[in-house]
Amino acid sequence: MFSVVDTHSHVHFPAFDADIDAVISRTRDRQIGLITVGTKFTTSKSAVEFAENHEDIWATIGLYPGHVHDHGFIDENEELTDEAAPECEFDEAKYAMLVVHTKVVGIGEFGLDYSRIPEGMDIETFKEDQRKVARQQLRFATRFNKPVVIHCRGGKTADVSGANDDMRMLIAEEIARGGLKRRGVIHSFTGTVEDAKKYADLGFLISITGIVTFAKSVADAVREIPLEQMMVETDCPYLAPVPHRGKRNEPVNVISIAQAIADLKGIALEEVARVTTENAKKLFGLS
Ligand SMILES: [Zn+2]
């Protein structure tokens with residue numbers, strides 16, 4: 001049983017290796033359901049293994065857009081150095097072996113990230129590569145009838161709304177083919193109210209992280225967006241909410257995020273927990 005769901009975490013990452021049992025026991029004490037998210041083949045595989053060993057924890061599998069190109073950067077919170085090679089294509093056959101596990105509830109995180117372009121690379125080629133790999137995973141989600149977990153971020157050369165426009169175009173394209181019946185969520189939403197409305201028109205939810213506790217633009221959007229379109233997530237170990245900023249984030253902090261939403265909307269924490277949990281159960285088929 002759980003009373004709130006952290007719909008996007010990475011508790012199976014090396015960042016938690018030293019004290020994972022304590023982290024999970026704090027999560028259970030607060031009755032928090034948990035989805036742990038893969039970002040490439042190795043971390044997708046370990047997400048599935050982790051979920052299979054824990055009650056009320058589910059997994060998603062996918063290829064994060066930051067891993068499609070080589071940026072010469074290794075995030076030690078996420079992966080071991082010898083597993084750090086980029087995946088320039090989504091290898092459908094490999095991921096198809098993982099998707100059949102019963103604890104896999106979605107495809108992602110994947111999408112578009114225009115914020116880190118490898119040095120010297122032509123921007124249009126870069127964006128086309130990103131769109132290609134996103135398209136491959138939208139089709140994969142359709143093939144296995146799973147909802148999608150979308151990462152979408154703009155950058156210096158293409159603003160956030162540009163990336164969101166491209167992402168919506170890809171989603172609309174897949175829906176027009178008769179796909180994506182179960183739709184999905186825009187993870188760590190940082191767009192405008194207008195963006196959220198356009199995603200709602202496509203049948204997509206948005207998910208709110210700790211950024212809501214320190215970014216006025218996100219707080220402003222959250223006031224306007226209906227709870228019925230919303231879920232909550234930590235994205236831990238990243239994006240710790242106030243007052244934990246800069247520290248390693250963990251699933252219990254999802255309560256602070258739900259509380260921040262409740263305060264902004266002038267409603268009770270229980271209401272935010274209840275509606276976002278219903279949304280998560282329905283989207284991912286959790287029981
Ligand atoms: Zn994430």
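What is the site of the zinc ion like, judged by the angles among its 4 donor atoms? With angles of 86 to 177°, it is irregular. (Four donors are tetrahedral if all angles lie between 85 and 135 degrees; four count as square planar and six as octahedral if opposite donors are over 155 degrees apart and all others between 65 and 115; anything else is irregular.)

Before you click on, a word about the model. It is predicted, so local features need pLDDT of at least 70 and side-chain atom pairs pLDDT 80 or more, while totals for chains, interfaces and linings use all residues. Residues are numbered from 1 along each chain as its sequence is written, and side-chain values use heavy atoms, without hydrogens and water.

**Stop one: the zinc ion.** Select His8, His10, Glu109 and Asp235: they coordinate the zinc ion through NE2, NE2, OE and OD, at 2.2 to 2.3 Å. Donors here are N, O and S atoms within 2.8 Å of the metal (3.2 Å for Na, K and Ca), and since water is not among the atoms, sites may look incomplete. Along the sequence the spacing reads H-x1-H-x98-E-x125-D. Glu109 is in strand β4 (residues 104-113) and Asp235 in the loop between β8 (230-232) and α8 (254-265), 126 residues apart. Helices (H or I, at least four residues) and strands (E, at least two) are DSSP runs, numbered from the N terminus. Glu109 is buried at 3% relative accessibility, and Asp235 is buried at 8%. (Buried is under 20% relative accessible area, exposed over 50%, partly exposed in between, with a 1.4 Å probe and protein chains only.)

**Stop two: Leu34.** Now pick Leu34 in strand β2 (residues 32-37). Its relative accessible area is 0%, so Leu34 is buried. Its contacts (heavy atoms within 4.5 Å) include Val5, Ile24, Trp58 and Pro251. Asp56 is 22 residues away in sequence, yet 6.4 Å away C-alpha to C-alpha.

**Stop three: the rings.** Show Phe41, Phe90, Tyr95, Phe140 and Phe144, a cluster linked by ring pairs. Rings of Phe, Tyr and Trp (its six-membered ring) pair if their centres lie within 6.5 Å; planes under 30 degrees apart are stacked, over 60 edge-to-face, the rest tilted. There are 4 aromatic pairs by that rule. Phe41 and Tyr95 have centres 5.5 Å apart and planes at 85°, so they are edge-to-face. Both Phe41 and Tyr95 are buried.

Finally, find Lys94 over the face of Phe41, 4.5 Å from the ring centre. (A charge sits over a ring if NZ of Lys or CZ of Arg is within 6 Å of the ring centre and within 35 degrees of the ring normal.)

Key
Lists of a residue's contacts leave out its neighbours within four places in sequence.
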